[in-house]
Amino acid sequence: NEILETNSMISDMNLDVRTITMGISLLDCADADINKFNEKVYKKITTYAKDLVKVGDELAKEYGVPVVNKRISVTPIAIAAAGCKNADSYVSIAQTLDKAAQEVGVNFIGGFSALVQKGFTSGDEKLLRAIPQALAQTDLVCSSVNVGSTKAGINMDAVARMGRIIKETAHLTREQDGLGCAKLVVFCNAVEDNPFM
């Protein structure tokens with residue numbers, strides 16, 4: 001009866017595992033040179049996540065429950081890339097994340113993110129400026145910005161800036177029905193150890 005009930009849930013009620021997500025810390029990729037940082041990021045993601053899709057498919061087959069999405073979540077880039085002193089923009093980092101995600105075959109990669117509820121660092125500034133172009137030039141990269149928290153309050157400067165960033169992102173991805181905005185989340189009370197996608 002339990003087997004038949006499970007089969008019914010899968011076939012009739014569309015039971016599935018919506019996503020599995022692999023978290024990867026990029027803190028040890030820190031480098032003053034953004035090109036070296038990008039090389040380290042690409043190598044780390046493609047090494048650690050090389051079997052993620054295969055294992056997800058194997059688990060789905062073994063348990064008979066579809067796994068719809070396989071994703072990667074990385075350290076918020078505004079933090080991980082803060083040491084890149086020669087970088088004016090973080091767009092190349094988004095392109096590196098996208099290339100690595102495509103190489104390993106995942107559906108999305110999250111972490112092109114900043115936590116600005118307490119104010120802006122120079123890394124946060126670079127990331128925010130890069131969001132519209134980064135989301136317009138990548139396919140699998142997801143971005144998020146935490147603008148407030150119960151403890152710190154709401155960074156109203158960040159709220160105002162994100163309004164303009166959302167509008168610019170929509171404009172740059174207008175040929176794809178504003179798809180860039182579907183990959184961007186602005187929120188409060190982020191779970192800081194798990195970048196949102």
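These legends walk through a few close-up views of a predicted model.

**Figure 1. The whole chain, before we zoom in.**
Start with the parts list: the protein chain has eight helices and six strands. Going along the sequence, they come in the order α-β-α-α-β-α-α-β-α-β-β-α-α-β. The chain is 197 residues long, and 43% of them count as buried. Now take the contacts in the chain with a separation of 6 or more: 76% of these are between residues 24 or more positions apart.

**Figure 2. Strand 2 and its partner, strand 3.**
Here we look at strand 2, which covers residues 67-74. Seven of its eight residues are buried, so the rest of the structure largely encloses this strand. Strand 3 (residues 108-115) pairs with strand 2 in the parallel sense, and the pairing runs over three bridges. To find your way around, look for isoleucine 72, which sits opposite isoleucine 109 in strand 3.

**Figure 3. Helix 2 packed against helix 5.**
This view shows helix 2 (residues 34-48) and helix 5 (residues 91-104), whose axes are 9 Å apart. The packing angle is about 20 degrees; angles under 35 degrees count as roughly parallel, and the two helices are therefore roughly parallel to each other. Helix 2 passes helix 5 in a right-handed crossing. On the helix 2 side, the contact is made by Ile34, Phe37, Asn38, Val41, Tyr42, Ile45 and Thr46. Helix 5 meets them with Ser92, Ile93, Thr96, Leu97, Lys99, Ala100, Glu103 and Val104. Sorted by class, that gives nine nonpolar, four polar and two charged residues in the contact of helix 2 with helix 5.

**Figure 4. Helix 6 packed against helix 7.**
Next up are helix 6 (residues 122-136) and helix 7 (residues 156-172), which pack at an angle of about 20 degrees with their axes 7 Å apart. That angle makes helix 6 roughly parallel to helix 7. The crossing of helix 6 past helix 7 is right-handed. From helix 6, the residues in the contact are Glu125, Leu128, Arg129, Ile131, Pro132, Gln133, Leu135 and Ala136. From helix 7 come Arg161, Met162, Ile165, Glu168, Thr169 and Leu172. The residues of this contact split into eight nonpolar, two polar and four charged.

**Figure 5. Alanine 158, a residue in helix 7.**
Stay with helix 7 and pick out alanine 158, which has its place there. Is alanine 158 buried or exposed? Its relative accessibility is 0%, so alanine 158 counts as buried. Setting aside residues up to four places away in sequence, alanine 158 touches Val116, Phe120 and Val147. Leucine 128 is 30 residues from alanine 158 in sequence, and their C-alpha atoms are 9.3 Å apart in space.

With 34% relative accessibility, alanine 82 counts as partly exposed. Which residues is alanine 82 in contact with, leaving aside its neighbours within four places in sequence? They are Ile77 and Tyr90.

Conventions. Residues numbered from 1 in each chain as written. Predicted model: local features only at pLDDT ≥ 70, side-chain atom pairs only at ≥ 80, totals over all residues. Heavy atoms only, no water. Axes fitted to C-alpha atoms, helices over the stretch in contact; angles between N-to-C directions. Helix = DSSP H or I, 4+ residues; strand = E, 2+ residues; numbered from the N terminus. Parallel < 35°, antiparallel > 145°, perpendicular 65-115°, else oblique. Left-handed = near helix turned anticlockwise from the far one by under 90°. Contact = heavy atoms within 4.5 Å. Nonpolar A, V, L, I, M, F, W, Y, C, P; charged D, E, K, R; others polar. Buried < 20%, exposed > 50% of the residue type's maximum accessible area, 1.4 Å probe, protein only. Pairing = 2+ DSSP bridges.
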